[in-house]
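Take a look at the protein model below. This report walks through its helices, its core and its ring contacts in short steps.

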Amino acid sequence: MASSSSHAPSYAAVLREPHVLRTFAPALVARFSYGVVFVSLAVALTQATGSYAWAGGALALFGASTAFLAPLRARLIDRRGPRRVLPTMAAVYALLLATLTAATWQAGIPRWPLMLLTGAAGACAPPLGPVMRTAWSALLPDPALRQRAFSLDTVAEELLYVGGPLAAGVFIAVGHPAIGVGVSAGLLLSGTLVMVASPALRLADPGAAAGARHTGVSRGWWRGLRGNALLEAVVVTAGVGMCLGALSLLLVAFSERHKEPAAVAWLEAAPAVGSAVGGLAYGARAWRVPGRIRLPLLALALGLALSVAGMAPNLWVLGLVVCAAGVCVAPTLTTAYLVADECADTSSRTRAGTWVNSAFNAGASGGTALTGLTVDLLPLWCCFVVATLPAALSGVAVLGAYARPPSGRGRARAASQLPKKPGTASGSGSSLVS
């Protein structure tokens with residue numbers, strides 16, 4: 001993939017833009033809550049119910065209500081504006097987490113109320129990542145700056161999900177797992193309230209931005225893969241999510257079969273380290289290749305790298321392989337969010353990013369579940385190969401759809417989107433990073 005660094009701005013240039021730090025810093029504080037809450041809630045529910053099955057069911061309900069209702073919450077934000085919706089959403093979510101903190105402090109609470117409380121909390125979880133990416137689009141109209149910002153955002157989010165479980169472990173070790181649930185409530189509520197006070201969220205309100213792009217994504221992005229950038233991003237991101245969800249369980253199996261189960265901790269960190277390095281390097285380049293081509297190529301590279309991981313002779317080699325494969329993770333997600341942002345208008349931008357985010361989360365859950373069914377039936381190296389198929393096949397499908405020439409009405413539509421000659425009205429093609 002050709003690139004050029006002649007016009008690539010620095011990360012410092014992104015952070016120096018007006019209102020960026022005032023928006024991004026509290027958004028990270030609020031999003032850190034999601035890194036802390038899952039482990040804290042898992043342990044607190046297990047201790048309160050005395051049952052792994054009930055705790056697992058409650059967490060599954062939390063995850064399902066978070067992922068599958070996220071597009072509805074995003075649609076509400078797109079229609080009403082984040083400054084109106086997010087404070088209420090954050091307050092209700094924080095109140096439910098505070099109630100769960102009190103309910104799980106001691107054992108003996110009836111299980112069904114805990115299940116319902118956990119599911120309700122997931123249903124109200126604010127989509128802070130998509131809202132922040134919508135704010136980036138309002139703050140940074142320059143495509144090169146926006147690519148750098150999306151890379152920074154993706155890497156920061158990944159590091160939050162590495163640091164969050166570590167913080168939860170501290171709360172569990174020095175006090176009580178329910179403390180982490182309560183701290184999560186405080187982090188999200190305080191961070192969200194400071195975030196919505198930023199002028200950037202006023203710019204992100206529907207119709208507030210000058211020169212808004214109206215590409216009609218809200219009028220039927222589901223109609224087919226060919227020529228549909230948002231659906232392409234959703235398909236590839238779901239495949240990558242399945243691949244990485246499967247990888248987590250496969251790392252556990254690999255470390256256990258090599259008689260070192262504790263090694264899974266640093267094995268899990270290896271792809272995150274690679275992802276952070278890859279994301280920062282990727283965002284530093286100004287790419288000439290369009291994002292809709294970069295995205296499936298990155299997914300293919302990730303799948304191919306991980307397909308050989310199961311053949312590693314020992315844990316150290318496996319760690320190096322998954323770290324190298326992780327270099328593709330943040331660039332893939334960054335590109336998916338950029339593609340979604342480029343094809344969305346101001347009335348659907350948060351929704352577009354949320355579909356990508358939900359696709360990844362749903363794919364990760366499905367990948368873990370499917371791998372749990374196959375890991376005892378197939379050789380471990382074969383499980384690694386099977387786990388990488390969703391990422392590789394989604395990349396191949398999107399590349400094939402992109403390369404296939406349109407016919408009939410599609411050819412006319414494509415011709416209408418070609419750049420006009422100098423002196424005529426410009427077309428409405430997407431703004432590609434160059």
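Which helices are included in what covers the buried residues of α3? The cover includes α2, α4 (70–80), α5 (82–103), α6 and α16 (349–374). Contact here means heavy atoms within 4.5 Å. Buried means under 20% relative accessible area, exposed means over 50%, and partly exposed lies in between (1.4 Å probe, protein chains only).

This is a predicted model, where local features need pLDDT of at least 70, side-chain atom pairs count only at pLDDT 80 or more, and totals for chains, interfaces and linings use all residues. Residues are numbered from 1 along each chain as its sequence is written, and side-chain values use heavy atoms, with hydrogens and water left out.

**The chain as a whole**

The protein chain has 18 helices and 2 strands. Helices (H or I, at least four residues) and strands (E, at least two) are DSSP runs, numbered from the N terminus. Of its 434 residues, 51% count as buried. Now take contacts between residues at least 6 apart in sequence: 84% of them join residues at least 24 apart. The accessible surface comes to about 18,700 Å². Carbon and sulfur atoms hold 68% of that surface. Such areas come from the Shrake-Rupley method with a 1.4 Å probe; for residues, only the protein chains shown count as cover.

**Helix α3**

Back to α3. It has 17 residues and reaches 24 Å from its first C-alpha to its last. That is close to the 24 Å expected at 1.5 Å a residue. The expected span is 1.5 Å times one less than the number of residues. Its buried residues include Ala-55, Ala-58, Leu-59, Phe-62, Ser-65 and Ala-67.

In soluble globular proteins, nonpolar side chains tend to be buried together. A nonpolar core is a set of buried Ala, Val, Leu, Ile, Met, Phe, Trp, Tyr and Cys residues joined through side-chain atoms within 4.5 Å. The largest one here has 101 residues. Tyr-93, Trp-136 and Leu-318 touch the most other members. Helix α11 (residues 229–257) gives the most to this core, with 14 residues.

What does Tyr-93 contact, leaving aside its neighbours within four places in sequence? The partners are Tyr-34, Val-37, Phe-62, Ala-121, Cys-124, Ala-125, Pro-126 and Leu-188.

Why is α11 largely enclosed by the rest of the structure? Because 21 of its 29 residues are buried. The end C-alpha atoms of α11 are 42 Å apart, which agrees with the 42 Å its residues should span. After α11 comes Lys-259, whose phi is positive, near 60 degrees.

**Rings**

A pair of aromatic rings is described by the distance of the centres and the angle of the planes. Rings of Phe, Tyr and Trp (its six-membered ring) pair if their centres lie within 6.5 Å; planes under 30 degrees apart count as stacked, over 60 as edge-to-face and the rest as tilted. By this rule the count comes to 5 aromatic pairs. Two of them are in the table.

| Pair | Centre to centre | Angle between planes | Type |
|---|---|---|---|
| Trp-54 and Trp-112 | 5.1 Å | 90 degrees | edge-to-face |
| Phe-254 and Phe-384 | 6.4 Å | 85 degrees | edge-to-face |

Trp-54 in helix α3 (residues 52–68) and Trp-112 in helix α6 (residues 111–124) are 58 residues apart, so their pair links distant parts of the chain. Trp-54 is partly exposed, at 24% relative accessible area. Trp-112 is exposed, at 57%.

Phe-254 lies in helix α11 and Phe-384 in helix α17 (residues 380–403). Their pair ties together parts that are 130 residues apart in sequence. Both Phe-254 and Phe-384 are buried.

The rule asks for NZ of Lys or CZ of Arg within 6 Å of the ring centre and within 35 degrees of the ring normal. Arg-133 lies over the face of Tyr-337, at 3.6 Å from the ring centre. The charged end of Arg-148 sits over the ring of Tyr-11, 4.1 Å from its centre.

**Two more residues**

Phe-32 is in helix α2. At 22% relative accessibility, Phe-32 counts as partly exposed. Its C-alpha atom is 9.9 Å from that of Ala-167, 135 residues apart along the chain.

His-19 is found in the loop between α1 (11–16) and α2 (20–49). The phi of His-19 is near 70 degrees, a positive value in a residue other than glycine. His-19 is partly exposed, with a relative accessible area of 34%.
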